[in-house]
Protein chains: 2
Amino acid sequence: MPILVQKFGGSSVADAACIKRVAGIAVNAKKKGYQVVVVVSAMGDTTDKLINLSKEITNKPNAREYDLLVSTGEQISIPLVAMAIQSLGEKSISQTGLQVGIMTEDRHGKARITEIKTDKLKKYLKEGNIVIVAGFQGISEVTGEITTLGRGGSDTTAMALAVALGAERCDIYTDVDGVFTTNPDTVNEASKLKTISYEEMLELASLGAAVLHPRSVEIAKNYEMPMRVRSSFKPEDEGTLVQGVEKMELNNPVSGVALDESQARIAIAGVPDKPGIAATVFETLAKKNISVDMIIQSTSKDGTNEIAFTVDKENIEDAKVVSAEIAKEINATDVTVDVNIAKVSIVGAGMIGRPGIAAAMFKALADNKINIQMISTSEIKVSCVVESKDGDKAVKAIHKVFELDKVSKEKQKV
Amino acid sequence: MPILVQKFGGSSVADAACIKRVAGIAVNAKKKGYQVVVVVSAMGDTTDKLINLSKEITNKPNAREYDLLVSTGEQISIPLVAMAIQSLGEKSISQTGLQVGIMTEDRHGKARITEIKTDKLKKYLKEGNIVIVAGFQGISEVTGEITTLGRGGSDTTAMALAVALGAERCDIYTDVDGVFTTNPDTVNEASKLKTISYEEMLELASLGAAVLHPRSVEIAKNYEMPMRVRSSFKPEDEGTLVQGVEKMELNNPVSGVALDESQARIAIAGVPDKPGIAATVFETLAKKNISVDMIIQSTSKDGTNEIAFTVDKENIEDAKVVSAEIAKEINATDVTVDVNIAKVSIVGAGMIGRPGIAAAMFKALADNKINIQMISTSEIKVSCVVESKDGDKAVKAIHKVFELDKVSKEKQKV
């Protein structure tokens, strides 16, 4: 029998009614002939409540104790899902990360999975159980202590399990209907994508259109595990299938438009045109643990350079201080900071080998009198920094020019 | 260094402030030269909330899943206590039942501890840690699955740990100041006992004056482990020391008066006077899992017998049905049920070998015009069933006649 892994996020198991709905979805898959493994997050805001409890005790919790605490969130939801499935007359057993044997690095709060033991899992599946596995948690392969996987950890658990078990597919159930061409809250015409490639999904995740955690998409991509993003509230809707490019019909050069308002821009002007200056700047920032996203270096008429880059707004104060120090050191003239920026990006595996996509994007912005401050491109992505007030307008204009409202909404067979 | 086990109930760790108080108590003991093991229950009403969640899913939860669910309560409180202790600058590590190795029977919901692994515990203590152990939970020695110990389980965990580690004493911290001569809410003159024997404590627990779970007292008695019942809100108060009779000065024949309003009385009248009838009655009740407390058989003038017994009010409907069936079968004439009863009991190791104690109790009731319906006695206990409206009056009268308000309140040295 083929194996199907289903993952349900916190909003999908927020209360008893939700948990019963999840049980129904799992039982349906079983009845369709799958061996089913269900990965569950903590119920609703349980994890936040646990974190708040910890904060009431101390600002600097011991990492081991913290992991033991927050891992209870999933340990609450898994037996409840198992009970709900049993109430529907199917066999079910729940497993914590420790019980099932999800081995991780010996690191708390952000461990990576190193191995998944499948003996017990396969035995339970063979016995006819729907197996419920706690997401987000594992045990250190060195100490046997409970570890957690960091943000988006349950997606990662699900994908790693799917790979370890050789599943047919991994379905990620969430509270949205799938992956859209852009944010439906901003653009009414946004349409749901039937399919998207791993690469595009990775770019969209990093661009702030996060439905999936990048780590889970990376695993899926590396092992070519098909995954589906779908809603637990509309289980009849097949959502969006994420798979390898080679399997997709690339009718459209662009799959989606993303808006990222989390970045700020720093520009260092009057930088002497000497080799190694850029390296100095970005090495210093990296040492201070400040991640830089876009980087532009341009030459001014007076022979000096301008180095501009974007960082997360939450790092802006640190980045400013570091930049000012560097500017002094290298005899640059000026540091300016702009937090009122937005990054608009198009993503599409279909743009590979099709010239003119970037140009069409720039023209759409120009036609709408939107000034472009920075540009960066990759094989399947073009990003432009614009003034933050123009962000929504830019997304709408681009969405229209690539006719993303006409993306087919036809059902695709599973 | 001597080992001290401290157990804190749910009300003692109900919130962050309580947990910090608990941390202070543990650190104080460490500073006094003890190696300290702390056993903790779930915070406040956490366990009830978990049970309610389970009820929202199903009325018949699978026992294994149920144990996995409810065991999270303690897994939340233990890391929080460890963090709070660490914040005070002491080393601390928390341990679930599984992690520390509290082995139990292979039985869910009500498992008995079979063995406690002490290697890890001793290692952590030697390294200078205050070790925080989750109460109420263990793992099946057969399957390795998480089990729970049933009601009062955390007291049992603490006592079993104290015995396994050869502790000097086990302190049970709760929200009352110690063990009283009777319920202070009913009788203003109730005084706190400095000491009480295991045997008396056992009788008081079963008589509804429960501060300690009988199983923990049984363990303490069997291994002669001194225990102290004290308040986490008044840590300077030494509470009540529970210990063997031989160590006590038995100044008073009676230690306490207990009132139990949880029983109902069933009487089967007109029972033919034939051998084996009583056996039939109580075997049938036992088969239906109905526990019987007091039993009285008396002979009437017409040569038939009356069999009267008490059962828990929550079993009264079942007991009524069973009794009616039995009555029919044995040709008894009548079954009457009375839920308006109260059981008043005196307990005292000091009554052994002192005649007249029971008589003094009956006289106190008679002087107050309280009618006695049933009597049962053991070596250290006399119980009378009275009308429920007379319960409080009976307790007050008996408390006075044995001068329990004059029990010394002097501090006793630890």
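Which residue takes a positive phi just after H10(B)? The residue is Asn289(B), with a phi of about 65°; helices here (H or I, at least four residues) and strands (E, at least two) are DSSP runs, numbered from the N terminus. The model is a predicted one, in which local features need pLDDT of at least 70 and side-chain atom pairs count only at pLDDT 80 or more, while totals for chains, interfaces and linings use all residues. Residues are numbered from 1 along each chain as its sequence is written, and chains are lettered from A and ligands numbered from 1 in the order in which they are written.

Helix H10 of chain B itself spans residues 277-287, with Ile277(B), Val281(B) and Leu285(B) buried (20 or more other C-beta atoms within 10 Å of a residue's own; exposed means 12 or fewer, partly exposed in between, with C-beta atoms placed from the backbone). Seen down the helix axis, the buried residues of H10(B) fall within an arc of 65°, so they line one face; the arc is that of the directions from the axis to the C-beta atoms. An α-helix has 3.6 residues a turn, so residues three or four places apart point the same way. On the face turned away from the buried side, H10(B) carries the exposed residues Ala279(B), Glu283(B), Ala286(B) and Lys287(B). The cover over the buried residues includes strands E14 (263-271), E15 (292-299) and E16 (305-312) and helix H11 (316-329) of chain B.

Turning to the pair of chains, chain B can be laid on chain A with an RMSD of 0.4 Å by a turn of 178° and a shift of 0.1 Å along the axis (least-squares superposition on the C-alpha atoms of residues with pLDDT of at least 70 in both copies). The two copies are thus related as by a two-fold rotation axis. Thr72(B) comes closest to this axis among the residues of chain B, at 3.1 Å (C-alpha).

The contact between the chains takes 25 residues from chain A and 25 residues from chain B, where contact means C-beta atoms, placed from the backbone, within 7 Å. On the chain B side, helices H1 (16-31), H2 (46-57), H3 (63-70) and H4 (72-87) each supply at least two residues, and H4(B) gives the most, with ten residues.

Finally, Val81(A) and Val81(B) have the most contacts inside the largest nonpolar core, which has 251 residues (buried Ala, Val, Leu, Ile, Met, Phe, Trp, Tyr and Cys residues joined through C-beta atoms within 7 Å).

Definitions and conventions: Contact = placed C-beta atoms within 7 Å.
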